[in-house]
Amino acid sequence: MKTFQQLRESSKAVFNKKMGGYPVVISKTPKGYELKIDGDFVDVFKTPKEAEKTAKQVLKDLGKLK
């Protein structure tokens, strides 16, 4: 059985920056790269580059990024 610390450390932040004033975090998980924008889960991707590209596109579509 995994301990709490093992569960907490199972997702390591790969990308942690602000885009358009919103925090964007991409974390490495056993399933892939998890994208969160402003604390809200978006999706899991195969590569961090794909997740970052999607974050830019989501913020652009919402009118939060120019």
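The legends below describe close-up views of one predicted model. Local features are given where pLDDT is at least 70, side-chain atom pairs count only at pLDDT 80 or more, and totals for chains, interfaces and linings use all residues. Residues are numbered from 1 along each chain as its sequence is written, and side-chain values use heavy atoms, with hydrogens and water left out.

**View 1. The protein chain has 2 helices and 4 strands.**
Helices (H or I, at least four residues) and strands (E, at least two) are DSSP runs, numbered from the N terminus. Read from the N terminus, the order of elements is α-β-β-β-β-α. Along the principal axes, the C-alpha atoms fill a box of roughly 45 × 20 × 15 Å. The accessible surface is about 5,200 Å², and carbon and sulfur atoms account for 52% of this surface. Accessible areas come from the Shrake-Rupley method with a 1.4 Å probe; for residues, only the protein chains shown count as cover. Of the 66 residues, 23% are buried. Buried means under 20% relative accessible area, exposed means over 50%, and partly exposed lies in between (1.4 Å probe, protein chains only). Take the contacts (heavy atoms within 4.5 Å) between residues at least 6 apart in sequence: 19% of them join residues at least 24 apart.

**View 2. Strands β1 and β2 form a hairpin.**
The pairing of β1 with β2 is antiparallel and runs over 7 bridges. Two strands are said to pair if DSSP finds at least two bridges between them. Phenylalanine 15 has isoleucine 26 of β2 as its bridge partner, and lysine 17 stands opposite valine 24 in β2. The hairpin has 2 residues between its strands, and glycine 20 in the turn has a positive phi of about 60°. Glycine 21 also sits in the loop between β1 and β2. With a relative accessible area of 54%, glycine 21 is exposed.

**View 3. Strands β2 and β3 form a hairpin with 2 residues between them.**
β2 and β3 pair in the antiparallel sense, over 6 bridges. Here valine 24 stands opposite isoleucine 37 in β3. Serine 27 belongs to strand β2 and is buried, at 11% relative accessible area. Leaving out residues up to four places away in sequence, serine 27 touches Ser11, Lys12, Ala13, Val14, Gly32, Tyr33 and Glu34.

**View 4. The largest nonpolar core holds 11 residues.**
A nonpolar core is a set of buried Ala, Val, Leu, Ile, Met, Phe, Trp, Tyr and Cys residues joined through side-chain atoms within 4.5 Å. The members are Phe15, Met19, Val24, Ile26, Tyr33, Leu35, Ile37, Phe45, Ala51, Ala55 and Leu59. Two or more residues come from each of β1 (12-19), β2 (22-29), β3 (32-37) and α2 (48-61). In soluble globular proteins, nonpolar side chains tend to be buried together.

**View 5. Helix α2 has buried residues Ala51, Ala55 and Leu59.**
Seen down the helix axis, the buried residues of α2 fall within an arc of 65°, so they line one face of the helix. The arc is that of the directions from the helix axis to the C-beta atoms. These buried residues pack against β1, β2, β3 and β4 (40-45). On the other side of α2, the exposed residues are Lys49, Lys53, Lys60 and Asp61. At 1.5 Å a residue, the 14 residues of α2 should span 20 Å, and its end C-alpha atoms are 20 Å apart, which agrees. The expected span is 1.5 Å times one less than the number of residues in the helix. Glycine 63 follows α2 and has a positive phi, near 80°.

**View 6. Leucine 59 lies in helix α2.**
Leucine 59 counts as buried, at 2% relative accessibility. Apart from neighbours within four places in sequence, leucine 59 is in contact with Met19, Tyr22, Val24, Ile37, Lys64 and Leu65. The C-alpha atoms of leucine 59 and isoleucine 37 are separated by 8.8 Å, and the two residues are 22 residues apart along the chain.
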